[in-house]
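Subject: Handover of a structure and notes on its contents

Dear colleague,

Please find below the structure that I am passing on to you. My notes on what was found in it follow directly after.

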Amino acid sequence: MTIARVMDVTDRIPEARVDLADLLIRTADRDRAAFADLYDATSARVFGLICRVLRDRGYAEETLQEVYLQVWQKAEGFDPAAGSALSWMMTIAHRRAVDRVRSEEAASRRSTDYSVSNLELPSDVVADSVVSREERAGVVFCLDSLTSTQRQSIELSYYGGLTYRQVAERLDAALPTVKSRIRDGLRRLKQCLEANPRG
């Protein structure tokens, strides 16, 4: 099953024509066909809820996969007496989406805190303070010591003035990946500049 199937309305089984509780119970017995039918019947609604919480299609698609993995793994925990199958699944989806929001916010705070606490100077001071030829050579030397993805991410962010999200879009990469590249690249750049102040 792929995310593309979420949007293919001709491929979905209308929710009203299926017994979701039965499909979920059969899924608990590792019935792959029942799980596929459950996915087809519910994924559009589950995806819609996740999108409303996350407001980022890429994160929503990843979270949708996590939700259905959890449904597959935890289907035996569904109790028809406690509520409907759809409500059970929507609760899982909402919790996963909220967890994703909290995780991204925490990662952003950690990244900011790391930058503030581990760099003696604001990161853009690298460009502003390079006044002598020797210092420029040191920066160029150290930028060349980074991986190409780290260098490209840092150049777009600090020299190009793009936000992390804009860098991610420009490089067609996930936002956490870009943040990690920049964080690791700045750490290596700082270490290199301390060890080779003049290249």
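In these notes, a residue is called buried when its relative accessible area is under 20%, exposed when that value is over 50%, and partly exposed in between. Please bear in mind throughout that this is a predicted model.

Overall composition

The protein has ten helices and zero strands, so the definition of helices as DSSP runs, numbered from the N terminus, gives the names used here. Along the sequence the pattern reads α-α-α-α-α-α-α-α-α-α. There are 199 residues in the protein, and 33% of them count as buried. The accessible surface comes to about 11,500 Å², with 49% of that area belonging to carbon and sulfur atoms. Among contacts between residues at least 6 apart in sequence, 66% join residues at least 24 apart.

In soluble globular proteins, nonpolar side chains tend to be buried together. The largest nonpolar core in this model holds 45 residues, of which Leu 24, Val 46, Ile 50, Val 67, Tyr 68 and Val 71 touch the most other members. At least two residues of this core are supplied by each of α2 (20-28), α3 (32-54), α4 (57-74), α5 (85-118), α7 (133-144), α8 (148-159), α9 (164-171) and α10. The largest share, ten residues, comes from α3.

Ile 50 deserves a separate paragraph. This residue is found in helix α3, and its relative accessibility is 0%, so it counts as buried. Apart from neighbours within four places in sequence, Ile 50 is in contact with Arg 55, Ala 60, Thr 63, Leu 64, Val 67, Ala 93 and Ala 97.

Which residues of α10 are buried? They are Leu 175, Val 178, Lys 179, Ile 182, Gly 185, Leu 186, Leu 189 and Cys 192. Seen down the axis of α10, these buried residues fall within an arc of 160°, so they line one face of the helix. An α-helix has 3.6 residues a turn, so residues three or four places apart point the same way. The length of α10 can be checked as well: at 1.5 Å a residue, its 21 residues (175-195) should span 30 Å, and the end C-alpha atoms are 30 Å apart, which agrees.

In α9, the buried residues are Val 167, Ala 168 and Leu 171. Viewed down the axis of α9, they lie within an arc of 100°, and they therefore line one face of that helix. Glu 169 and Arg 170, on the other side of α9, are exposed. The cover over the buried residues of α9 includes α8 and α10.

Ser 157 is found in helix α8. With a relative accessibility of 10%, Ser 157 falls under the cut-off and so counts as buried. Not counting residues up to four places away in sequence, Ser 157 touches Leu 162, Tyr 164, Val 167 and Ile 182. Ser 157 and Ile 182 are 25 residues apart along the chain, and their C-alpha atoms are separated by 8.3 Å.

Residues in the loops

- Asp 19 is placed in the loop between α1 (4-7) and α2. Its relative accessibility of 48% means that Asp 19 counts as partly exposed. A polar atom of the Asp 19 side chain lies 3.2 Å from the backbone nitrogen of Ala 21. Asp 19 and Ala 85 are 66 residues apart in sequence, and 8.9 Å apart in space from C-alpha to C-alpha.
- Arg 30 sits in the loop between α2 and α3. Its phi is near 65°, a positive value in a residue other than glycine. At 39% relative accessibility, Arg 30 counts as partly exposed.
- Asp 172 belongs to the loop between α9 and α10. Just after α9, Asp 172 takes a positive phi of about 55°, although this residue is not a glycine. At 72% relative accessibility, Asp 172 counts as exposed.

Yours sincerely

Notes: Residues numbered from 1 in each chain as written. Predicted model: local features only at pLDDT ≥ 70, side-chain atom pairs only at ≥ 80, totals over all residues. Heavy atoms only, no water. Helix = DSSP H or I, 4+ residues; strand = E, 2+ residues; numbered from the N terminus. Expected span 1.5 Å × (residues − 1). Buried < 20%, exposed > 50% of the residue type's maximum accessible area, 1.4 Å probe, protein only. Arc of directions from axis to C-beta. Core = buried A, V, L, I, M, F, W, Y, C linked by side-chain atoms within 4.5 Å. Contact = heavy atoms within 4.5 Å. Areas by Shrake-Rupley, 256 points an atom, 1.4 Å probe, with all protein chains shown as cover. Polar contact = N/O pair within 3.5 Å; in protein donor to acceptor, adjacent residues only side chain to side chain.
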